[in-house]
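Good morning, and thank you for coming.

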Amino acid sequence: MFYLLARAQALEASGALADAEAHAREALGIGDSDDKMNIAAAFDDPNVYARARLAHLLERQGRAAQGEPIRRLLLAKIEGNDMIPWEGEYRTEALRALAANLTMQGKEEGARLFAERIAATTRIYGTDSPQLLDVAEPFARALLQSGRPDAALTPARIALAARTSARFTGDAARANLSDLALARKRTEAARLMVEAAWKASR
């Protein structure tokens, strides 16, 4: 399964999304069924990776509706395991993935989930935290992908404000050259996302 998933990732990187999807489905075919799959506190299960990769590939091909049941299944399995922290990274990542999927489809449930996470993250970590970027950036991208640039402008601006805050630039100033280059690329990506949302909303 891991070999097939590695092949799927390589094919996706080369732009062969249909072939990548076929490999992800083949990996699923030799793994556990949905009923038997158990998401453990150790997160190196190819059954989980295969489902997440397939959902991602479906979303990339504009078929988010087909990926929605997969996203819901993964979140439900995570929430059904008491050993996985409710506010831990594993659950919040699955929740963001479902919210992005729903937002791509134009469903208000997705925007509501993102808005709740933005409010909670801002309250806990502040307006310039990495945790806020993890929510605001995928929210803006999903809104842009769903053809709602007006709505995307607000989370895109939140992401850009965080990227250019003293908290991020201060950390970057103490980083090595590689980290500095990555920080500049991410800041530019945030700026371009705001620009794209603004232009499309005109």
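Let us begin with a group of four residues: E68, R72, K107 and E109 are joined in a network of salt bridges. Please keep in mind that the model before you is predicted.

The reasoning rests on cut-offs: a residue under 20% counts as buried, one over 50% as exposed, and one in between as partly exposed.

How many salt bridges does the structure hold in total? There are twelve. I shall describe two others.

One of them joins the side chains of E21 and R25, at 3.0 Å from N to O. These residues are in helix α2, residues 17–29; they are four residues apart, and so about one helical turn separates them. E21 is buried, with 9% relative accessible area, while R25 is partly exposed, with 39%.

The other joins the side chains of E79 and R91, at 3.0 Å from N to O. This pair connects distant parts of the chain, since E79 is in helix α4 and R91 is in helix α5, residues 89–104, with the two residues twelve apart. Here the glutamate, E79, is partly exposed at 28% relative accessible area, and the arginine, R91, is buried at 8%.

Let us now turn to the pair of helices. Helix α7 spans residues 130–145 and helix α8 spans residues 149–163; their axes come within 8 Å and cross at roughly 150 degrees. Why are they described as roughly antiparallel? An angle over 145 degrees counts as roughly antiparallel, and therefore α7 and α8 receive that description. Their crossing is left-handed.

Which residues meet there? On the α7 side they include L132, L133, F139 and L143; on the α8 side they include P149, P155, I158 and R163. By class, this contact of α7 with α8 comprises 15 nonpolar residues, no polar residues and two charged residues.

Thank you for your attention.

Technical notes. Residues numbered from 1 in each chain as written. Predicted model: local features only at pLDDT ≥ 70, side-chain atom pairs only at ≥ 80, totals over all residues. Heavy atoms only, no water. Axes fitted to C-alpha atoms, helices over the stretch in contact; angles between N-to-C directions. Parallel < 35°, antiparallel > 145°, perpendicular 65-115°, else oblique. Left-handed = near helix turned anticlockwise from the far one by under 90°. Contact = heavy atoms within 4.5 Å. Nonpolar A, V, L, I, M, F, W, Y, C, P; charged D, E, K, R; others polar. Buried < 20%, exposed > 50% of the residue type's maximum accessible area, 1.4 Å probe, protein only.
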